[in-house]
Amino acid sequence: MSGVMKRMGMIFRAKANKALDRAEDPRETLDYSYQKQLELLQKVRRGVADVATSRKRLELQLNQLQGQSSKLEDQGRKALALGREDLAREALSRRAALQQQVTDLETQHQTLQGEEEKLTLAAQRLQAKVDAFRTKKETIKATYTAAQAQTRIGEAFSGISEEMGDVGMAIQRAEDKTAQLQARAGAIDELLASGALDDHSGLAKDDIQSELDRLSGGTDVELELQRMKAELAGGSSQQAIEGSKDEQPQDTPRFDKQ
């Protein structure tokens, strides 16, 4: 059962991988990667801006502390000039405390300045990489689009070639059948003409029989024509004889036979 489940899992993963491979568009993947790099570059720039802001804030604090330190020094000098050594000592003590804060802030300022320089350099390098990736991305996308179009054109030509092959085969079959029918018709005509195929219906006639029938028909016409001429000629002779009889005298004596 465990082996069956493993096999089913492998088949499922293989089919899922194949489906994802068909659905994946490298151009979309490249655009997504480029977008992620831009987001990372934006974060680095935001970090540089934050460090620069902190550095600027420290500089303002340093300026304030330095101003207070200078003021305490002047107050201590004036107090000492007026014979107020105690006030001068207090002013100098406060100035020393401020000076310690100034030193700490200067150390932090240097640290922030170093971080700012590192982040700025990293942002510049990342910007260069993003620009190079963008150029490469567009090149790959253009190449992929051209290859895709070429593949589609090739597939179209392949489909046309296959279609034309089928049409050619259909034409060849039609020509073969036509030639076969023509040959069969010619063979039947020859067999009928030679009398090899008898027509039991009595309706079909070969060439010789047709010629004989034509001659017989012509002879019958000639005979009928001659008969009619003879009848006409005979009729004319009979009328002539009857006419001559009518012209004989009526008082011609008759001799009775004794």
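Let me begin with a network of salt bridges that links Asp31, Lys137, Glu138 and Lys141. A salt bridge here is a side-chain nitrogen of Lys or Arg within 4 Å of a carboxyl oxygen of Asp or Glu.

Before going further, a word on the source. This is a predicted model, in which local features need pLDDT of at least 70 and side-chain atom pairs count only at pLDDT 80 or more, while totals for chains, interfaces and linings use all residues. Residues are numbered from 1 along each chain as its sequence is written, and side-chain values use heavy atoms, with hydrogens and water left out.

The overall architecture is as follows. The chain contains four helices and zero strands, in the order α-α-α-α from the N terminus. Helices (H or I, at least four residues) and strands (E, at least two) are DSSP runs, numbered from the N terminus.

I return now to the network. Within it, Lys137 and Asp31 form a salt bridge, with 3.2 Å between the closest N and O atoms. Asp31 belongs to helix α2 (residues 26-81) and Lys137 to helix α3 (residues 85-194), so this pair ties together parts that are 106 residues apart in sequence. Are these two residues buried or partly exposed? Lys137 is buried, at 4% relative accessible area, whereas Asp31 is partly exposed, at 30%. Buried means under 20% relative accessible area, exposed over 50%, and partly exposed in between (1.4 Å probe, protein chains only).

Tyr34 is itself buried, with a relative accessibility of 14%.

Tyr34 also brings us to the aromatic rings. The structure holds one aromatic pair. The centres of the Tyr34 and Phe133 rings are 6.5 Å apart and their planes are at 15 degrees, so the pair is stacked. Tyr34 is in helix α2 and Phe133 in helix α3, so here too parts are tied together, 99 residues apart in sequence.

Asp131 is partly exposed at 28%, as is Arg134 at 38%. In another, the side chains of Arg227 and Glu231 meet at 2.4 Å, N to O. Arg227 and Glu231 are four residues apart in helix α4 (residues 207-246), again about one helical turn. Arg227 is partly exposed, at 39%, and Glu231 is partly exposed, at 48%.

I close with confidence. The pLDDT, the predictor's confidence in each residue from 0 to 100, averages 76 over the chain, and 67% of the residues score at least 70. Where is confidence lowest and where is it highest? Helix α1 (residues 2-23) is lowest, at a mean of 66, and α2 is highest, at 88. Residues 250-258 have pLDDT below 50, and this stretch makes zero contacts in the model beyond near neighbours in sequence, a contact being heavy atoms within 4.5 Å.

Note on methods: Rings of Phe, Tyr and Trp (its six-membered ring) pair if their centres lie within 6.5 Å; planes under 30 degrees apart count as stacked, over 60 as edge-to-face and the rest as tilted.
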